[in-house]
Amino acid sequence: MNDHDMIERCKQGDGEALGELYDEHREHLLILAIALLGCMDDAEDVLHDVCVNFVGRLRAFRLTGSLKGYLSICVANQARNHRKRTAYRVAVDLDEAKAMVSGKASPA
């Protein structure tokens, strides 16, 4: 069965069709996310977010090309957004962090 037919089945509430679509595209999309992010945990988070967004917009979704291509673009965009959100997070071990000392007598 092709992607267009599977999407129509999903729109009609067929959870099995949705599972089949996920199983069919999961490996490719996860490999792409890992390549873009370099971290399995982050890649799985991105793939999860893409799938949730896809299901949430499924009723209005119209496939005009390749579903694999569409989902790949979604993963790439979500990975880019994920990197932007986490770019400023810095993990510091509190035991290794230096104490912050001010030369001023008051907190002001």
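Which hand does the crossing of helix 2 and helix 3 have? The crossing is right-handed; a crossing is left-handed if the near helix is turned anticlockwise from the far one by less than a right angle, and right-handed if clockwise. This is a predicted model: local features need pLDDT of at least 70, side-chain atom pairs count only at pLDDT 80 or more, and totals for chains, interfaces and linings use all residues. Residues are numbered from 1 along each chain as its sequence is written, and side-chain values use heavy atoms, without hydrogens and water. Helices (H or I, at least four residues) are DSSP runs, numbered from the N terminus.

**Helix 1 and helix 2**

- The axes of helix 1 (residues 3-11) and helix 2 come within 7 Å and cross at roughly 140°. Axes are lines fitted to C-alpha atoms over the stretch in contact, and angles run from 0 to 180 degrees between N-to-C directions.
- That angle makes helix 1 oblique to helix 2. Angles under 35 degrees count as roughly parallel, over 145 as roughly antiparallel, 65 to 115 as roughly perpendicular and the rest as oblique.
- Their crossing is left-handed.
- Helix 1 brings Asp3, Met6, Ile7, Arg9 and Cys10 to the contact (heavy atoms within 4.5 Å). Helix 2 brings Glu16, Ala17, Leu18, Glu20, Leu21, Glu24 and His25.
- By class, this contact has six nonpolar, one polar and five charged residues. Ala, Val, Leu, Ile, Met, Phe, Trp, Tyr, Cys and Pro count as nonpolar, Asp, Glu, Lys and Arg as charged, and the others, Gly among them, as polar.

**Helix 2 and helix 3**

- Helix 2 (residues 15-37) packs against helix 3 at about 140°, with the axes 9 Å apart.
- Helix 2 is therefore oblique to helix 3.
- On helix 2, the contact residues include Leu18, Tyr22 and Arg26. On helix 3, they include Met40, Asp42 and Val46.
- The contact of helix 2 with helix 3 counts 13 nonpolar, no polar and three charged residues.

**Helix 3 and helix 4**

- The angle between helix 3 and helix 4 is about 125°, and their axes lie 9 Å apart.
- The two helices are therefore oblique to each other, and their crossing is right-handed.
- Among the contacting residues are Val50, Asn53 and Phe54 of helix 3 and Tyr70, Leu71 and Cys74 of helix 4.
- Nine nonpolar, three polar and two charged residues make up this contact.

**The largest pocket**

- The largest pocket holds about 150 Å³ of space.
- On a 1 Å grid over the protein atoms alone, a pocket is an open set of points where a 1.4 Å probe fits, with protein on both sides within 12 Å along at least five of seven lines; lining residues have an atom within 4 Å of a point.
- Its lining includes Val50, Arg57, Phe61 and Asn81.
- Helix 3 (40-56) and helix 4 (67-86) each give two or more residues to that lining. Helix 4 gives the most, with six.
- The lining has six nonpolar, four polar and one charged residues.

Conventions. Points joined across faces, edges and corners; volume = space filled by probe spheres on them.
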